[in-house]
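Hello,

Please find the structure below. Notes on what was found in it follow.

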Amino acid sequence: MAVQDTDTRKPAVYVYGILPADIELEPGAAGVGDPPGEVRVVRRGDLAALVSDVDLTKPLGRPDDLFAHEGLLDAAAAEVPVLPLRFGALVSSDDAVAEELLQGHRDEFVTALSQLEDRVEYVVRGRYDEQGILREVLGGNPPAARLANQIRGADPDATRELRIQLGEILNSEVAAKREKDTRAVGDAVDGLVEASVVRPPSSELDAVYIALLVRTDAVDDLEEAVSRLANDWAGRVDLNLIGPLAAYDFVGAPAATAAATAHRELT
Amino acid sequence: MTTAMQPSGGGGGGFARPNASGLADVLDTILDKGLVIDAYVRVSLVGIELLTVDARIVIASVDTYLRFAEAVNRLDISQEKEGLPGLIGDLEHNGAKNKTKGALEAAGDKLREFAGGYEEPQRAGRRSRREGD
């Protein structure tokens, strides 16, 4: 990685994602920065990048910046194939975008874009109802229930070891349920999705957190399948389907994409 | 992108439509996923200060275990159904009946504090269709 000596007086070029060259950009799309930079297109051959100028003297990463980055890419992905970049990619100039980024990796990018044609990402995210899942665990684990009895109403300091012991059991049981429920989601969408990636849980009460790559003509069926599951789990898991998103979980270094479970050969 | 009708309470009585990403989801997505120029391709990169974000990774620890135990303490006994051994009896009811959120939410909720008023993601203009489509 070559990082230039930064001349902070010149704007740098922030890169959002890579798309086919034959796209039209609506004017006025707002990008990152304060005030938001205007998003524009850099083209080279049959590829394009969505970029905007940023002021190097101001840091990036405010919530507005994050929403602008993802919002732009998700809106684009609903219409055309997009290779989304991780937040924070800055390049020295449009020329570097065109030559080093687009032309320099033309074949890989063209192939990846063709694999994403008519496909889009959705994320299934579920969270356990706290009281519900604890009752479920305690109901199935008598030693844990006995521990719960011992600590209830007791002095916290005196029962610290017991509470740690109970907590460890609960954590492990909830993790086991998370695995089982994640598989249940995988089963429910099998045949509808082309690939899936399980995301690490973002909280102790996560029931499922999985990214799915789906053909756009299968989205209605996907919504229906997840909706059925949500009804089955009413009161137990608060289940949400987020999307359409750009295929963040399905691009990247070969090692990362190897982690994705292929449900079907990507043509 | 449509906004789902969120079910009220923690129950999740089935959702209506796919929903947009809240800040927590955005952080999980664009900070961890997507193409990385320096790891994947070599391009002339420029340095800029990136605001740091609180750790979002949940690592099981003693704090985690204590939070679970605390949550058990808050279980509403009056809602007991039959078949839960050992919890019914002359136990202190700590009056936390309506607390549906608890310390277990702490890790995930760091983001919600961070997000403050940013509940609605901003949406950029829609891209036009491909020429010739």
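**Salt bridges and confidence**

Glu194(A) is buried, at a relative accessible area of 3% (buried means under 20%, exposed over 50%, partly exposed in between, with a 1.4 Å probe and protein chains only). Its side chain meets that of Arg119(A) in a salt bridge, 2.3 Å from N to O (a side-chain nitrogen of Lys or Arg within 4 Å of a carboxyl oxygen of Asp or Glu). Arg119(A) lies in strand β7 and Glu194(A) in strand β8 of chain A, so the pair ties together parts 75 residues apart in sequence (strands are DSSP runs of E, at least two residues, and helices runs of H or I, at least four, numbered from the N terminus). Arg119(A) is buried as well, at 8%. One network of salt bridges with shared partners joins Glu121(A), Arg199(A), Asp249(A) and Lys33(B).

The model is predicted: local features need pLDDT of at least 70, side-chain atom pairs count only at pLDDT 80 or more, and totals for chains, interfaces and linings use all residues. Residues are numbered from 1 along each chain as its sequence is written, chains are lettered from A and ligands numbered from 1 in the order written, and side-chain values use heavy atoms, leaving out hydrogens and water.

Chain A averages a pLDDT of 90 (the predictor's confidence in each residue, from 0 to 100).

Over all chains the count is 19 salt bridges.

Regards
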